[in-house]
Amino acid sequence: MKLNRPKRAAQSETIIALIDVVFFLLVFFMLIGRMDATAPFEVRPPMAQTGRDMPAGGITLAIAADGALALDGDEINKQDLAAALSVQLAQQPDLRLRINAHRTAELRHVLPYVTQAEELGIRDVVLVVTPERDQ
């Protein structure tokens, strides 16, 4: 006696095709979409000037890796810096401040002094950088 097994109906694999389509759409929109916020106006970042001589005149604020300060070679604490800059600004109304920070100094040690200089009325602040050497 020969028993015939009923044929199994072929299962449709529509769910796998749907997953592929969703994956491709996800990748597509991730590639073409902008992930950053855009300004409602044109913004052109400043160009770094390397290979030029440092501008003459003014004073230099040195910032160590740990945040210690020196104004024109003399150590100074954070509380006395504003008064010292005000005295210099009274002597030279067009005072230039050069900020020379250690390469491992965190940005949180540098930016407050740029803001402080601006609040005191110093219009010309130069951030000293070292260009990368070609290897």
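**A chat about the sheet and its surroundings**

Biologist: How many bridges join strand 1 to strand 4, and do they run parallel or antiparallel?
Modeller: Strand 1 and strand 4 run parallel and are joined by five bridges. Please note that this is a predicted model. Within that pairing, Ile59 has Leu97 of strand 4 as its bridge partner.

Biologist: And which residue is the bridge partner of Leu97 in strand 5?
Modeller: That partner is Val125. Strand 4 covers residues 96–101, and four bridges join it to strand 5 in a parallel arrangement.

Biologist: How is strand 1 joined to strand 2?
Modeller: Those two strands run antiparallel, with three bridges between them. Ala62 has Ala70 in strand 2 as its bridge partner. The two strands form a hairpin with five residues between them. In the turn, Gly67 has a positive phi of about 100 degrees.

Biologist: What is the strand order of the sheet as a whole?
Modeller: The order is 3-2-1-4-5, in an open sheet of five strands with mixed pairing. Strand 3 (74–76) and strand 5 (124–127) stand at the edges; each has a single partner strand, so one side of each lacks a neighbour in the sheet. On average, neighbouring strands are turned by 25 degrees against each other, direction ignored.

Biologist: Which helix packs on that sheet?
Modeller: Helix 2, residues 78–91, packs on the sheet and touches strand 1 (59–63), strand 2 (69–71), strand 3 and strand 4. The direction of helix 2 makes about 15 degrees with that of strand 2.

Biologist: Which residues of strand 1 lie on the covered face, and which on the uncovered one?
Modeller: Ile59, Leu61 and Ile63 make up the covered face, while Thr60 and Ala62 belong to the uncovered one. In a regular strand, side chains alternate between the two faces of the sheet.

Biologist: Changing topic, what is the phi of Asp72?
Modeller: The phi of Asp72 is near 50 degrees, a positive value in a residue other than glycine. Most residues other than glycine have a negative phi.

Biologist: Where does Asp72 sit, and how accessible is that residue?
Modeller: Asp72 is in the loop between strand 2 and strand 3. Its relative accessibility is 45%, so Asp72 counts as partly exposed.

Biologist: What about Gln116: buried or exposed?
Modeller: Gln116 counts as buried, because its relative accessibility is 18% and the cut-off for buried is under 20%. Gln116 is located in helix 3, residues 111–120. Not counting residues up to four places away in sequence, Gln116 touches Leu81 and Ala82.

Biologist: Which residues form the nonpolar patch on the surface?
Modeller: The patch consists of Val21, Phe23, Phe24, Leu25, Val27, Phe28, Phe29, Leu31 and Ile32, which together have about 950 Å² of accessible area. Phe28 is found in helix 1, residues 14–32. With a relative accessibility of 43%, Phe28 counts as partly exposed.

Biologist: How many helices and strands does the chain have, and how do the elements run?
Modeller: There are three helices and five strands. From the N terminus on, the elements run α-β-β-β-α-β-α-β.

Biologist: What share of the residues counts as buried, and how much area does the chain expose?
Modeller: Of the 135 residues, 17% count as buried. The chain exposes about 11,900 Å², and carbon and sulfur atoms supply 55% of that area.

Biologist: Among contacts between residues at least 6 apart in sequence, what share joins residues at least 24 apart?
Modeller: That share is 67% for this chain.

Technical notes. Residues numbered from 1 in each chain as written. Predicted model: local features only at pLDDT ≥ 70, side-chain atom pairs only at ≥ 80, totals over all residues. Heavy atoms only, no water. Patch = residues over 30% accessible without salt bridge, like charges linked within 9 Å, V, L, I, M, F, W, Y side chains within 5 Å. Areas by Shrake-Rupley, 256 points an atom, 1.4 Å probe, with all protein chains shown as cover. Salt bridge = Lys/Arg side-chain N within 4 Å of Asp/Glu carboxyl O. Buried < 20%, exposed > 50% of the residue type's maximum accessible area, 1.4 Å probe, protein only. Contact = heavy atoms within 4.5 Å. Pairing = 2+ DSSP bridges. Axes fitted to C-alpha atoms, helices over the stretch in contact; angles between N-to-C directions.
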